Amino acid sequence: ASGSWSFASFLSHLWDFDGKYSTTTFQPLVFFNVEAWPGVMVSYQGEITYNWKADSGDQLNLPLGLQCGKMFDLDDGWGFQLDVGAYGFPVRADEAADWEVKTTMFLVFP
């Protein structure tokens, strides 16, 4: 974390034993904490996926959008964060949705 910015990411790959499913997911997490409103943040938490078994040109799902959220202090080091946002998919597989509404909840414990 640096000042008002925080960064993290998740990378995963799932496949099955018979070779019909193979998908990589990358989720960059970028948070901007709004100093004027303590506990309020704007973030990108999109899940970029690549299906290695799909036809060429139908493999990548790339979400673009933002989420807004608030961290709540629950005392004794405990906290709760609630985010809501919307993402469109300018690059997507044929079966994928055009857009999504995303809500995330985090429990922070001491």
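The following legends describe a predicted model of one protein chain in several close-up views.

Residues are numbered from 1 along each chain as its sequence is written. In this predicted model, local features need pLDDT of at least 70 and side-chain atom pairs count only at pLDDT 80 or more, whereas totals for chains, interfaces and linings use all residues; side-chain values use heavy atoms, with hydrogens and water left out.

**Figure 1. The protein chain as a whole.** The protein chain has seven strands and zero helices, where helices (H or I, at least four residues) and strands (E, at least two) are DSSP runs numbered from the N terminus. Along the sequence, the pattern reads β-β-β-β-β-β-β. The radius of gyration of the protein chain is 17 Å, well over the 13 Å that the globule rule gives for 110 residues, so the chain is more spread out than a compact globule. This radius is taken over C-alpha atoms, and the globule rule is 2.2 Å times the number of residues to the power 0.38. A box of roughly 50 × 30 × 25 Å, taken along the principal axes, is filled by the C-alpha atoms. Of the 110 residues, 29% are buried; buried means under 20% relative accessible area, exposed over 50%, and partly exposed in between (1.4 Å probe, protein chains only). Among contacts (heavy atoms within 4.5 Å) with a separation of 6 or more, 43% are between residues 24 or more positions apart.

Figure 2. Strand 1 (5-15) and strand 2 (residues 22-33) pair in the antiparallel sense over 11 bridges. Two strands are said to pair if DSSP finds at least two bridges between them. Leu 14 has Thr 23 of strand 2 opposite it. Six residues lie between the two strands of this hairpin, and Gly 19 in the turn has a positive phi of about 80°.

Figure 3. Four bridges join strand 2 to strand 3 (residues 40-44) in an antiparallel pairing. Within this pairing, Val 30 is opposite Tyr 44, and Phe 31 is opposite Ser 43. The hairpin of strand 2 and strand 3 has six residues between the strands, with Gly 39 taking a positive phi near 90°. Strand 2 also pairs with strand 4 in the antiparallel sense, over four bridges. Thr 25 has Thr 49 of strand 4 as its bridge partner.

**Figure 4. Strand 3 beside strand 5.** Strand 3 and strand 5 (residues 60-73) run antiparallel and are joined by four bridges. Here Ser 43 has Gln 67 of strand 5 as its bridge partner. Ser 43 also stands opposite Phe 31.

**Figure 5. The surroundings of Ser 4.** Ser 4 is in the segment before strand 1. With a relative accessible area of 10%, Ser 4 is buried. Leaving aside residues up to four places away in sequence, Ser 4 touches Phe 31, Phe 32, Asn 33 and Glu 35. The side chains of Ser 4 and Glu 35 make a polar contact (2.4 Å). A polar contact is a pair of N or O atoms within 3.5 Å; within protein, one must be able to donate a hydrogen and the other to accept it, and residues adjacent in sequence count only if both atoms are side-chain atoms.

**Figure 6. The surroundings of Asp 58.** Asp 58 belongs to the loop between strand 4 (48-51) and strand 5. This residue is buried, at a relative accessible area of 12%. Asp 58 touches Arg 92, Ala 93, Asp 94 and Glu 95, leaving aside residues up to four places away in sequence. From C-alpha to C-alpha, Asp 58 and Glu 95 are 8.8 Å apart in space, and they are 37 residues apart in sequence.

**Figure 7. The salt bridges.** Side chains of opposite charge can pair when their charged atoms come close. The structure holds two salt bridges, each defined as a side-chain nitrogen of Lys or Arg within 4 Å of a carboxyl oxygen of Asp or Glu. Lys 102 lies in strand 7 (residues 99-108) and Glu 47 in the loop between strand 3 and strand 4, so the pair ties together parts that are 55 residues apart in sequence. Lys 102 is buried, with a relative accessible area of 12%, whereas Glu 47 is partly exposed at 38% relative accessibility. The side chains of Arg 92 and Asp 98 also meet in a salt bridge (2.7 Å, N to O). Arg 92 counts as partly exposed at 30% relative accessibility, and Asp 98 counts as partly exposed at 48%.
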